[in-house]
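Here is a short report to read alongside the model. Keep the viewer open and follow the residues as they come up.

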Amino acid sequence: MKKRSFRFRRPDEMEKYILFRAQRNSYVFLIAALTLWSLYESYRVYAYHTRLNILPCTLLVAAMAVQTLSRLVMTRNAVKDDEDSFETAPLLRLILFICAAAGVIVTIGAVMILTSVRI
């Protein structure tokens with residue numbers, strides 16, 4: 001009796017396109033939902049003078065940061081071994097993005113510390 005080997009096949013172009021569209025739609029939904037939630041929380045702070053809930057803003061910044069970082073890394077990897085490409089901007093943008101992300105993280109940490117201290 002012949003033994004069957006189960007191998008995962010590679011997705012074809014149509015399956016890749018469908019997967020890409022589904023991921024893009026879910027990302028757009030995520031960004032829209034987090035933006036609306038951030039606006040709602042801002043309205044509550046302004047109208048009812050409650051404390052600011054920074055969770056939706058933090059999640060929104062994190063989602064956009066992950067998307068930007070992954071795009072920059074994939075762009076850098078795509079042109080890394082190409083001799084005809086003089087594209088060095090993705091690496092420079094990646095370094096600048098990491099610096100900006102570190103600044104945002106430090107700012108969020110400072111806000112959390114300062115809002116937790118009562119005068």
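## A partly exposed alanine

Ala-62 is partly exposed, at a relative accessible area of 35%. On this scale, buried stands for under 20% relative accessible area, exposed for over 50%, and partly exposed for what lies in between, using a 1.4 Å probe and protein chains only. Ala-62 belongs to helix α2.

## How to read the model

This is a predicted model, in which local features need pLDDT of at least 70 and side-chain atom pairs count only at pLDDT 80 or more, while totals for chains, interfaces and linings use all residues. Residues are numbered from 1 along each chain as its sequence is written, and side-chain values use heavy atoms, with hydrogens and water left out.

## The chain as a whole

The protein chain has 3 helices and 0 strands, and its elements run α-α-α from the N terminus on. Helices (H or I, at least four residues) and strands (E, at least two) are DSSP runs, numbered from the N terminus.

Of the 119 residues in the protein chain, 9% count as buried. The chain exposes about 10,600 Å², and carbon and sulfur atoms supply 68% of that area; accessible areas come from the Shrake-Rupley method with a 1.4 Å probe, and for residues only the protein chains shown count as cover. Among contacts (heavy atoms within 4.5 Å) with a separation of 6 or more, 45% come from residues 24 or more positions apart.

With 36 residues, α1 reaches 52 Å from its first C-alpha to its last, close to the 52 Å expected at 1.5 Å a residue. The expected span is 1.5 Å times one less than the number of residues in the helix.

Ile-31, Leu-34, Ser-38 and Glu-41 are the ones to look for, as they are buried in α1. In an α-helix there are 3.6 residues a turn, so residues three or four places apart point the same way. The cover over the buried residues of α1 includes α2. Glu-41 has a relative accessible area of 6%; leaving aside neighbours within four places in sequence, Glu-41 is in contact with Asn-53 and Pro-56.

## Helix α2

Helix α2 covers residues 55–79, and its 25 residues reach 36 Å from first C-alpha to last, close to the 36 Å expected. Pro-56, Leu-60, Ala-63 and Leu-72 are buried in α2.
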